[in-house]
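User: I'd like to learn how to read a ligand shell and a single residue. Can you walk me through it?
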Amino acid sequence: MADYDVIIIGGGLGGYVCAIRAAQLGLKTACVEGRGALGGTCLNVGCIPSKALLHASHAYHEATHDFARMGLVGNAPKIDFPAMLAYKDSIINQNTAGIEFLFKKNKVDYIQGWAKITGKGEITVGDDAHTARNIVIATGSEPSHLAGVSVDETQVVTSTGALSLPKIPKSMVVIGAGVIGLEMGSVFARLGTDVTVVEFLDAITPGMDGEICKTFQRSLKKQGLKFILGAAVQSVEKLKTKTKVHYKLRKDDSEAMLEAEVVLVATGRKPFTDRLGLDEIGVAKTPQGQIVSDHGKTSVSGIWAIGDVTTGPMLAHKAEDEGIAVAESIAGQQGHVNYDIIPGVIYTTPEVASVGLTEEALKQQGRAYKSGKFNFMGNARAKTVFQGEGFVKILADAETDRILGCHVMGPAAGELIHEVCVAMEFGASAEDLARTCHAHPTFSEAMREAALACGDGAIHA
Ligand code: FAD
Ligand code: NAI
């Protein structure tokens with residue numbers, strides 16, 4: 001038995017970051033992970049492998065579509081799919097090994113196995129018991145089930161199966177036009193799969209800025225993705241070499257069917273707390289199974305929760321920020337996460353990124369605001385990379401000019417958004433951004449132009 005100041009259960013982005021910060025703050029720290037590798041969903045079967053495949057498939061698309069337009073002619077590359085998967089796996093391994101190195105460097109004990117909380121300040125991992133003054137639950141999430149659809153990770157897959165398919169399918173039905181559905185749908189569409197996305201709601205990417213949703217869908221359609229919106233999937237039938245997806249159109253209850261080689265179920269994720277022993281020790285959960293937490297504190301003192309297993313967006317950087325905040329709180333500091341300024345990014349091409357309030361939310365709140373918009377068509381650098389179709393929209397308070405939100409669809413949107421995150425953290429006005437010199441020629445100039453559009457007007461519009 002070993003005794004610790006803090007034991008973290010789960011070595012994902014939330015858990016491992018919390019462990020490193022706790023150790024840096026002088027706490028005796030252990031992190032328990034059951035999957036045999038650190039990095040959680042994100043590094044093993046989420047953010048990183050999906051971005052590797054997005055990168056490889058985008059490079060293929062550029063080589064086959066854009067190179068000739070730039071005078072680069074010659075043999076187009078062919079796809080060696082097993083080699084592409086091996087590249088993805090090598091990136092995973094480099095990153096997970098990197099976390100083990102960071103644990104050693106920071107003197108975090110890495111305990112391998114599945115943990116169960118057996119009492120206040122007590123856990124077991126297999127036959128071993130450990131004690132700690134603080135336990136942090138960072139056990140993450142797993143794909144939600146869809147009634148009538150049984151996942152076998154071969155013909156009917158979640159994102160985990162989709163990241164390791166043995167070959168590129170000829171056709172794929174993606175259930176759910178959320179982040180996973182569109183990122184993985186893009187990967188396979190670029191590799192030649194006939195992709196149809198079936199979405200329950202009447203728009204893709206629910207919760208995003210409405211104007212972005214429409215423009216983004218148009219862009220994905222041009223890339224070959226097909227969409228059936230307002231359709232509820234009823235069941236998936238598995239035959240020997242194909243599947244049949246039965247769905248109902250919500251507007252008239254009519255039934256229809258689609259055939260595909262592979263079905264990707266991407267209808268959301270749910271918190272993972274199996275066999276943790278939470279009910280026995282009385283940790284409160286929401287009806288959806290999320291652990292209720294107030295700045296990381298659960299209903300039981302000495303037990304904390306962070307990341308996907310709690311409420312809020314299921315994002316790696318949100319989990320990381322909560323991990324740091326909880327480590328700081330345990331060490332007696334004022335751990336804090338600003339939930340109003342958590343960016344969201346979709347890593348398709350074009351990328352989509354947003355932070356703060358949408359126009360829809362501002363209207364609902366009855367708040368007076370102004371909107372400054374700038375199309376990437378007016379940005380010279382965007383045109384050089386054939387990505388002039390998106391825009392930047394900055395929303396600012398009508399009276400004070402304080403930035404309230406920003407929504408971007410375009411090149412490097414996932415990088416550009418952080419300029420506004422920093423500005424918002426400092427309580428900046430749109431004018432502050434507009435008066436900041438931006439290097440030319442950069443995509444970032446579009447951010448400044450949108451800020452200018454909140455005032456006297458953009459220059460290149
Ligand atoms: P996890 O990363 O899920 O880690 C939890 C860990 O706890 C797991 O490794 C699990 O094995 C372990 N565990 C569970 N129970 C126990 C136990 N009892 N004992 C020991 N160990 C246990 N987010 C982004 O921000 N950007 C992206 O680009 C992005 N892409 C994604 C792509 C896909 C395909 C998916 C599925 C998700 C993606 N996400 C992305 C979401 C992101 O992966 C999660 O928000 C993030 O991993 C949450 O971190 P976490 O630490 O809370 O949980
Ligand atoms: P999601 O919540 O983003 O999207 C699920 C979609 O499925 C919704 O549009 C929903 O309306 C639809 N849906 C639900 N039931 C349906 C049905 N019966 N028929 C048709 N459509 C249905 O969930 P997703 O894409 O599975 O992602 C899970 C989590 O992973 C998200 O919370 C996301 O934050 C995270 N993630 C983040 C990424 C990023 O930050 N780039 C990338 C991938 C995942």
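User: Which residues are the closest around ligand 2, and how many surround it?

Analyst: A quick note before that: this is a predicted model, where local features need pLDDT of at least 70, side-chain atom pairs count only at pLDDT 80 or more, and totals for chains, interfaces and linings use all residues. Residues are numbered from 1 along each chain as its sequence is written, chains are lettered from A and ligands numbered from 1 in the order in which they are written, and side-chain values use heavy atoms, leaving out hydrogens and water. A residue is near a molecule if one of its heavy atoms lies within 4 Å of it. Here, 22 residues surround ligand 2, and the closest are Ile180, Glu183, Glu199, Gly268 and Val345.

User: What classes make up the shell around ligand 2?

Analyst: Ala, Val, Leu, Ile, Met, Phe, Trp, Tyr, Cys and Pro count as nonpolar, Asp, Glu, Lys and Arg as charged, the others, Gly among them, as polar. The shell has 15 nonpolar, 4 polar and 3 charged residues.

User: Which backbone atom lies 2.9 Å from an oxygen atom of ligand 2?

Analyst: One of them is a backbone N or O atom of Ile180. Gly268 also has a backbone N or O atom 2.9 Å from a ligand 2 oxygen.

User: How much of ligand 2 does the protein bury?

Analyst: Areas come from the Shrake-Rupley method with a 1.4 Å probe. Alone, ligand 2 exposes 850 Å², and the protein buries 78% of that.

User: And Asp397, buried or exposed?

Analyst: Buried means under 20% relative accessible area, exposed over 50%, partly exposed in between (1.4 Å probe, protein chains only). Asp397 has 12%, so it's buried.

Terms used. Polar contact = N/O pair within 3.5 Å; in protein donor to acceptor, adjacent residues only side chain to side chain.
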